[in-house]
Amino acid sequence: MEKLSIVKIGGNIIEDQASLDVFLKLFSNLEGKKILVHGGGKRATHIASKLGIESKMINGRRITDAATLEVITMVYGGLVNKNVVAKLQALNTNAIGLTGADANSIKSNKRPVKDIDFGFVGDVKEVSHTAIDKLIQANFTPVFCAITHDGEGQLLNTNADTITSQVAVGMSKLYETSIYYCFELIGVLRDINDKDSVVKHIDSNTYQDLLEKGIIADGMLPKLENCFDALYGGVHEINMGNTSMLTQENDNFTKITL
């Protein structure tokens, strides 16, 4: 099968123009077919504040009421997405900016109310790998923001990590898919206080060992659970680290496989 890389960047890279420019150059130089997924929560919080709209977070998750959804749609789908697309065009990468509603590519269910009402937040239900592949086959590079839809006219704020893993699972029907989660750390660390203590390879056996030793804990727990869900769903491999892992010279990051 042909290879497809799905790369996710977070808000810290988006907020820093110098870091974003470095990343987009690395992404453009990445060989083969590729998809980019981005967040933008920090920018959304900043602009919401300017508009007098309070951002409410519970356990790191945004409560998305109607006013917040308007801001998120403007910021993720407009300001951030189109700036990224324009910068990629300048690097000769023919990018096309998308939400999950475009080409009916990613459908979600509105998250049901249990202990917390998250509002207009979506949990991914269906990825149209055929629609996304039509864009790839036409030599476009899809750039997804963290917005999906329910198929009935409602946009939904959706976790960018989840979009990344679910798109990768969907595309694995057609490609050998690899995920690159780009964040601030070099990779998964054995010691959070030692930035160089990278665990270079995690498989299902070492994963259990790292869990038992408490090395994988807190915010890294849901990330790794998400990774193994994707691997069991057909994704070939997952890489976690800072943007330098996109260079062929660097092998100091975490590779996750079954």
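Helices (H or I, at least four residues) and strands (E, at least two) are here DSSP runs, numbered from the N terminus. The model is a predicted one, in which local features need pLDDT of at least 70 and side-chain atom pairs count only at pLDDT 80 or more, while totals for chains, interfaces and linings use all residues. Residues are numbered from 1 along each chain as its sequence is written, and side-chain values use heavy atoms, with hydrogens and water left out.

Helix α3, residues 41-50, is followed by G52, whose phi is positive, near 75°. The buried residues of α3 are R43, A44 and A48, where buried means under 20% relative accessible area, exposed over 50%, and partly exposed in between (1.4 Å probe, protein chains only). Seen down the helix axis, these buried residues fall within an arc of 130°, so they line one face of α3, the arc being that of the directions from the helix axis to the C-beta atoms. On the other side of α3, S49 and K50 are exposed.

Turning to charged pairs, the structure holds 9 salt bridges, each defined as a side-chain nitrogen of Lys or Arg within 4 Å of a carboxyl oxygen of Asp or Glu. In one of them, D161 pairs with K223, with the closest N and O atoms 2.9 Å apart; because D161 lies in helix α6 and K223 in helix α8, the pair ties together parts that are 62 residues apart in sequence. D161 counts as buried at 12% relative accessibility, whereas K223, at 26%, counts as partly exposed.
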